Amino acid sequence: MKKENVVSGIKTAAVVATAVLTLNSCGNRKMSEKQMQIVEQKTDSAQRVHPGYKMASGLYDLCEIKIREYRESNRTLVRKTAQGYIKRYIKDINLRNFMLNSIQDEALMQKAFFEDVDSELDSVESNTVDTMSYIRKNERWFNDLMMYLTYMYDERQLLNSEFFKVLNNKDLRGIFEYNTRNIEKLKEYSDFTAERKNSIHNEIRNKYVEEAKHLKIR
């Protein structure tokens with residue numbers, strides 16, 4: 001509980017400090033930290049009960065939940081399909097095992113594909129470096145998959161990569177595209193509701209800023 005209070009206090013202090021700097025830089029009459037604390041507290045309380053803010057906040061949270069669900073569905077789908085492809089078509093045992101392990105082990109995935117291996121040669125086995133190099137040159141589709149699974153590619157980038165060309169799976173692509181369209185549409189709604197929340201927040205906050213300018217508190 002103490003840790004949570006400390007974190008909360010740090011966040012509040014950062015918000016207040018930013019607000020003070022912003023107001024003063026815009027040519028407003030200088031406001032004290034105490035005045036800004038009152039502004040932030042009143043703003044927080046008012047927006048919690050504001051119907052428009054509550055609706056926008058609820059819709060935003062719902063969109064974000066659904067986006068995560070569709071993304072997790074896509075990630076599970078490509079993992080499972082890639083595993084089947086590897087087991088069926090990758091004949092080299094060492095390469096096959098490396099690929100299968102990389103798909104399941106996020107730490108290995110990060111280290112094997114996206115750390116600077118030139119500066120990590122002491123901790124990365126030479127055969128792993130050779131395997132990584134081979135994959136980048138000869139199994140580009142798998143490198144694209146790793147880019148997606150480590151969040152360096154989004155859904156649309158993976159759709160346009162070698163991954164779907166090599167696997168050539170219409171069912172996989174159809175479901176993945178369907179999920180991706182839903183993600184993109186939900187992202188539009190999410191961005192809209194985030195803007196709406198921000199607009200209401202600023203409107204409420206500006207009201208209390210004007211009030212705070214006339215307070216005697218320093």
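**Overall fold**

The model is predicted. The chain contains 10 helices and 0 strands, and its pattern along the sequence is accordingly written α-α-α-α-α-α-α-α-α-α. Of its 218 residues, 35% count as buried. Among contacts with a separation of 6 or more, 66% are between residues 24 or more positions apart.

**The nonpolar cores**

The largest nonpolar core of the chain has 28 residues. Within this core, V78, I86, M99, W141, F142, L145 and F163 have the most contacts. Each of the helices in the table below supplies at least two residues of the core.

| Helix | Residues |
|---|---|
| α3 | 51–89 |
| α4 | 93–104 |
| α6 | 126–138 |
| α7 | 140–149 |
| α8 | 155–159 |
| α9 | 162–167 |
| α10 | 170–212 |

The helix that gives the most to this core is α7, with 7 residues. Another core, of 9 residues, lies apart from the largest one. Its members include V39, Y53, I200 and Y208.

Which residues does I86 touch, not counting residues up to four places away in sequence? They are R96, M99, L100, I103, W141 and F142. Of these, M99, W141 and F142 are also listed among the residues with the most contacts inside the largest core.

**Helix α7**

Is helix α7 mostly covered or mostly uncovered? Helix α7 is mostly covered, since 9 of its 10 residues are buried. The buried residues of α7 are W141, F142, N143, D144, L145, M146, M147, Y148 and L149. This list includes N143 and D144 as well as W141, F142 and L145. After α7 comes Y151, whose phi is positive, near 65 degrees.

**The surface**

The chain exposes about 14000 Å², and carbon and sulfur atoms supply 51% of this area. M55 has its place in helix α3. Why does M55 count as exposed? M55 is exposed because its relative accessible area is 59%, and the cut-off for an exposed residue is over 50%.

An α-helix has 3.6 residues a turn, so residues three or four places apart point the same way.

Key: Residues are numbered from 1 along each chain as its sequence is written. This is a predicted model: local features need pLDDT of at least 70, side-chain atom pairs count only at pLDDT 80 or more; totals for chains, interfaces and linings use all residues. Side-chain values use heavy atoms; hydrogens and water are left out. A nonpolar core is a set of buried Ala, Val, Leu, Ile, Met, Phe, Trp, Tyr and Cys residues joined through side-chain atoms within 4.5 Å. Buried means under 20% relative accessible area, exposed over 50%, partly exposed in between (1.4 Å probe, protein chains only). Helices (H or I, at least four residues) and strands (E, at least two) are DSSP runs, numbered from the N terminus. Contact means heavy atoms within 4.5 Å. Accessible areas come from the Shrake-Rupley method with a 1.4 Å probe; for residues, only the protein chains shown count as cover.
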